[in-house]
Amino acid sequence: MDFELKTLTRALVCTEKTDALIVLVPDSMAPGGDALSALAESALKSGDLEAKPGKLLNAYRVAGIAATRLVLVGAGDASPKSIRTAVNAAMGALKASNAQQAVLFLGALTSPSPEAVRAAVVACSEATYAYTTTKSKPAPAKLQRVCIAMDSVAPAQSNFDKAVGLARGMEFAKEWANRPANHATPTLLAGAAKDLAKLPRIKVEVLGPKEVEKLGMGAFLAVAQGAAEPLRLIVLRYEGGAKGEAPVVLVGKGITFDTGGISIKPAAEMDEMKFDMCGAASVLGVFRALAELQPALNVVGLIPACENMPGDNAVKPGDVVTSMSGQTIEILNTDAEGRLVLCDVLTYAARFKPRAVIDIATLTGACVVALGGVRSGLFSNNEALAQALSAAGEASLDPCWRMPLDDEYSEGLKTNFADVANVAGRAGGAVTAAKFLQRFAADFAWAHLDIAGTAWKGGTAKGATGRPVPLLLDYLLGQVSQAVPEKATAKARVGKKSAPGAKARA
Ligand code: BES
Ligand code: MN
Ligand code: ZN
């Protein structure tokens, strides 16, 4: 989908020739003397249109409106959430039509906020996204181009650009997350990262089994050893900040398929374990967006990628392995593999002298039980980092919820045969998994996002959501304004309801 931003008043938008004009109608719409305002006012008055978010009124070849199709859609209080609902509904209505381009008019809202512009762009991109890679005859998307229009675009331009970058990043994350495991092997994932390195300021290095062995990553190797497909450790760098400036490190779980290994999973819905690399996909998506936006900061992306398979050579329950940190781990359940690949890469992350390390993982079914598909689980050993990530989640409509890390939760990880076991009991499974990871993140500000419930949807709408790219990107862009106290970036901060990175420097 292509996006454009254009200045159009209410009067001018009436004369704009386009396949479809979508007008967001808030519940407090200021009156206007033009044809469009008159139409919206009378539709509201008659009750044929409600200003409730997502309520629609469709029309065709309306007198006084140059657009072929007109979609009036209620936008309620014009909050980002309401705008998302409204745009979703309007795009849904257009899907059945032959419209190839549309104008999305925000000029009926009283000065749309930056978050509102972001919500509109992201909702357009989400509503029109279609996975086609492994279809033999993909139906081409009809709607190709959306022009976001409002009275005066100057104040919205930089937020519009950020939103388009975000949408590109989310599309990239979804694409790789949705690909089946035979089309998204660790090697292919590394190839996707190498493609990103063709973009400005991005560098990629890919390590294989030999190098990983040399590093002493015994836990990562143990997970990968059951599979014929070789592991990859993908190291991405985005260098937009000053040389030597401490980077934020993102670590994405990249299990390209999780059978459970010898502790094998039941058959039902096992196909969904192709999504067990959604953490990795979100890191790739963030780098795609960084390439687009070129912010002044340094970011490192680390992706341990492998399959978790049973087999002659697979790791067995009870096996003890030595992690890169030197800690020994008793692998009581081979299906708790995510924490094993992550723990070694958390140890590896320290060499980048990070200002913060954030791991992103479809880590536990228990997190799905705790929070469902609405909020990701957030765990952190650092208050400022936790606050910054929470705020970023709220602002970007990609929310998370802070979970506890009391030491008492570690009790169940004790074992007679190693320094730590890889599983505790059933109770508090998302927390005990985080407690395991925390042991490997003692030397830096660390946060863990458990996205098991939020990274993809099941059922008929089965597919990746692109989360938590919005949260991560909002957090990272919030870091710029404090890392580089320049005029330009200070200006970019004005008008932002909350500066999510304001207290993030750990
Ligand atoms: N990838 C899964 C977690 C998962 C399961 C995410 C279902 C989304 C939906 C992870 O590797 C796993 O299998 N975790 C186990 C841990 C258990 C063995 C302690 C789980 O959650 O059952
Ligand atoms: Mn597993
Ligand atoms: Zn897994």
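The chat below goes through a sheet, a ligand site, a pocket and a cavity in a predicted model.

Reader: What should I know before I start?
Author: This is a predicted model in which local features need pLDDT of at least 70 and side-chain atom pairs count only at pLDDT 80 or more, while totals for chains, interfaces and linings use all residues. Residues are numbered from 1 along each chain as its sequence is written, chains are lettered from A and ligands numbered from 1 in the order in which they are written, and side-chain values use heavy atoms, with hydrogens and water left out.

Reader: Which residues are closest to ligand 1?
Author: Of the 16 residues that surround ligand 1, the closest are Lys265, Asp276, Asp335, Glu337 and Gly365, where being near takes a heavy atom within 4 Å.

Reader: And which polar atom of Lys265 lies by the ligand, side-chain or backbone?
Author: A polar side-chain atom of Lys265 lies 2.8 Å from an oxygen atom of ligand 1, whereas Gly365 places a backbone N or O atom 2.7 Å from an oxygen atom of the ligand; a polar contact here is a pair of N or O atoms within 3.5 Å. The protein buries 76% of the 520 Å² that ligand 1 exposes when taken alone, with areas from the Shrake-Rupley method and a 1.4 Å probe.

Reader: New topic: in what order do the strands of the open sheet come?
Author: The order is β12-β13-β17, with mixed pairing; strands are DSSP runs of E with at least two residues, helices are runs of H or I with at least four, and two strands pair if DSSP finds at least two bridges between them. Because β12 (319–322) and β17 (420–421) each have a single partner strand, they stand at the edges with one side left without a neighbour in the sheet.

Reader: How does β13 join β17?
Author: Two bridges join β13 (residues 328–331) to β17, and the two run parallel, with Glu330 opposite Ala421 in β17.

Reader: How many cavities does the search find?
Author: There are two cavities of 30 Å³ or more in the whole structure, a cavity being a set of points on a 1 Å grid over the protein atoms alone where a 1.4 Å probe fits but cannot get out, with lining residues having an atom within 4 Å of a point. The largest cavity holds about 160 Å³, and its lining of twelve residues includes Arg118 and Asp474.

Reader: And how big is the second largest pocket?
Author: Its volume is about 550 Å³, and a pocket is an open set with protein on both sides within 12 Å along at least five of seven lines.

Methods: Polar contact = N/O pair within 3.5 Å; in protein donor to acceptor, adjacent residues only side chain to side chain. Points joined across faces, edges and corners; volume = space filled by probe spheres on them.
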